[in-house]
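Work through the exercises below with the sequence and the 3D structure open. Try each task before reading its solution.

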Amino acid sequence: MEPREELRLAARHAYERGRWRHALAVAWPALFLAGLSLRSAGDLVLQAALAVTLLAVAVGFAWRGGPVGRAVRPGLAVGLIPYLLPPLVFRATCGTESCDESCLVACAVAGGAAGLWLAWRAHRSEAPAVLAAGLIASLTASLGCAPLGLGPGLVAVGSLLAAALPVVARWRRA
Amino acid sequence: MDARTRRAVSQWTARLADGDRAAFDPLFDALWPFVRALARRWLSDDADADDAAQQTLLRVFARVSEYDPARDAVPWIVAIAANECRTLRNRRLRRREDALPDDLVRAEASFEEHQLEVLATELLTELSPDDRAALRAAWFGDGRPDVAPATFRKRVQRAAERLRALWRARHGTP
């Protein structure tokens with residue numbers, strides 16, 4: 001191989017190593033959220049699977065860059081609402097009769113609020129960014145509700161998508 | 001580097017920072033002759049200059065994901081090149097100092113000091129007459145103006161800042 005082509009290859013490797021460092025710097029909140037969720041009670045296998053998936057998606061998107069890379073932090077921010085609210089409700093109502101129902105409602109409400117926030121951000125973003133942010137937000141939301149059970153996790157994600165999709169679709173048509 | 005190429009380099013750098021790999025080859029092809037010419041201007045030895053240019057290119061591509069697209073890319077690249085040339089030169093000097101007899105080391109240090117004085121004197125001519133007078137008065141006690149000490153200190157401080165800015169623009173960060 002010619003010296004200049006060797007240098008080009010070395011520079012390309014240096015660039016990709018830099019992209020991985022950048023990806024970890026962008027996606028580190030996902031690592032923090034995933035680690036925190038594994039300390040909660042509940043189905044550890046399910047939570048571990050969701051945590052690993054969130055990490056892989058966040059780091060992978062940040063490494064890729066472009067619209068999906070730019071969607072990582074916004075997606076994590078949107079997912080924080082259903083990640084944080086239901087466990088707080090659970091702590092407040094745990095041991096009472098309304099525990100299960102309150103947590104389910106909290107997952108639905110938090111998921112819906114996150115979905116509306118995602119939809120509000122979506123009208124300024126490209127489609128790949130919206131989808132990427134939606135995926136990351138859904139995974140983060142499910143991490144927050146999964147310790148309460150599979151049902152609450154699905155409710156959180158379902159509410160998020162149900163709130164976001166119609167609004168996003170209307171904006172896209174306009 | 002002409003203005004058109006400079007703009008293209010900034011655009012390719014910004015795209016690469018965002019993860020657009022298609023910008024890698026045009027940026028590499030534009031930068032290699034540029035950083036090589038810079039290094040050959042700063043280092044007397046062609047082999048050393050090529051080493052420094054290669055290290056510069058690798059460092060630019062490793063760090064490009066951290067690059068702020070709001071800034072002009074060329075000064076950022078020039079600063080990295082200046083740093084690599086300085087590091088290489090210092091490393092070579094330290095090796096030679098270990099091998100050289102003391103009086104030769106002293107002669108070389110005094111030559112370098114003289115070179116720095118010549119460069120600094122050149123830059124002094126680019127300062128305004130007031131700045132030059134302030135610095136001459138502060139360094140050589142030559143014609144100190146009849147103003148309050150605090151005012152004089154302020155003038156000297158500003159003149160020194162302007163001289164440092166000129167040095168950075170011309171010779172990079174020391």
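**Exercise 1. Classify Arg12(A) by its accessibility, then describe its salt bridge with Glu16(A).**

Step 1. Arg12(A) counts as partly exposed because its relative accessibility is 27%. The classes are buried (under 20% relative accessible area), exposed (over 50%) and partly exposed in between, with a 1.4 Å probe and protein chains only.

Step 2. Glu16(A), at 16% relative accessibility, counts as buried.

Step 3. In the salt bridge of Arg12(A) with Glu16(A), the closest N and O atoms are 3.7 Å apart. That term stands for a side-chain nitrogen of Lys or Arg within 4 Å of a carboxyl oxygen of Asp or Glu.

Step 4. The two residues are four apart in helix H1 of chain A, so about one helical turn separates Arg12(A) and Glu16(A). Helices are DSSP runs (H or I, at least four residues) and strands likewise (E, at least two), numbered from the N terminus.

Before going on, note the basis of the values. This is a predicted model, in which local features need pLDDT of at least 70 and side-chain atom pairs count only at pLDDT 80 or more, while totals for chains, interfaces and linings use all residues. Residues are numbered from 1 along each chain as its sequence is written, chains are lettered from A and ligands numbered from 1 in the order in which they are written, and side-chain values use heavy atoms, with hydrogens and water left out.

**Exercise 2. Describe the interface between chain A and chain B.**

Step 1. Start with the contacts (heavy atoms within 4.5 Å). On chain A, 18 residues are in contact with 18 residues of chain B.

Step 2. Next comes the area. The size of an interface is often given as the accessible area lost when the parts come together. Here about 1,700 Å² is buried between chain A and chain B, and carbon and sulfur atoms give 54% of this. Buried area is the accessible area (1.4 Å probe) that two parts lose on being put together, summed over both. Leu7(A), Arg8(A) and Tyr15(A) supply 39% of the area that chain A buries against chain B, more than any other three residues.

Step 3. Count the polar links. Five salt bridges run between chain A and chain B, and 12 residue pairs are in polar contact, both residues at pLDDT 80 or more. A polar contact is a pair of N or O atoms within 3.5 Å; within protein, one must be able to donate a hydrogen and the other to accept it, and residues adjacent in sequence count only if both atoms are side-chain atoms.

Step 4. Find the elements on the side of chain A that touches chain B. Helix H1 (3–38), helix H2 (44–64) and helix H3 (66–70) of chain A each supply at least two residues. H1(A) gives the most, with 13 residues.

**Exercise 3. Trace the salt bridges around Arg8(A).**

Step 1. Arg8(A) is in helix H1 of chain A and is buried, with a relative accessible area of 15%.

Step 2. Asp25(B) forms a salt bridge with Arg8(A), with the closest N and O atoms 2.9 Å apart. Asp25(B) lies in helix H2 of chain B and Arg8(A) in helix H1 of chain A, so this pair joins two chains. Asp25(B) is partly exposed, at 36% relative accessible area.

Step 3. The side chains of Arg8(A) and Asp29(B) are joined by a polar contact of 2.7 Å. Asp29(B) also forms a salt bridge with Arg4(A), where the closest N and O atoms are 3.2 Å apart.

Step 4. Put together, Arg4(A), Glu5(A), Arg8(A), Asp25(B) and Asp29(B) are linked in a network of salt bridges.

**Exercise 4. Where is Arg21(B) placed, and which residues does Arg21(B) touch?**

Step 1. Arg21(B) is in the loop between H1 and H2 of chain B.

Step 2. Its relative accessibility is 15%, so Arg21(B) counts as buried.

Step 3. Leaving out residues up to four places away in sequence, Arg21(B) touches residues including Arg12(A), Tyr15(A), Glu16(A) and Trp63(A). The side chain of Arg21(B) reaches the backbone oxygen of Trp63(A) at 3.3 Å.

**Exercise 5. Describe the salt bridge of Glu84(B) with Arg59(B).**

Step 1. The closest N and O atoms of Glu84(B) and Arg59(B) are 2.5 Å apart.

Step 2. Glu84(B) lies in helix H4 of chain B and Arg59(B) in helix H3 of chain B, so the pair ties together parts that are 25 residues apart in sequence.

Step 3. Glu84(B) is buried at 8% relative accessibility, whereas Arg59(B) is partly exposed at 39%.
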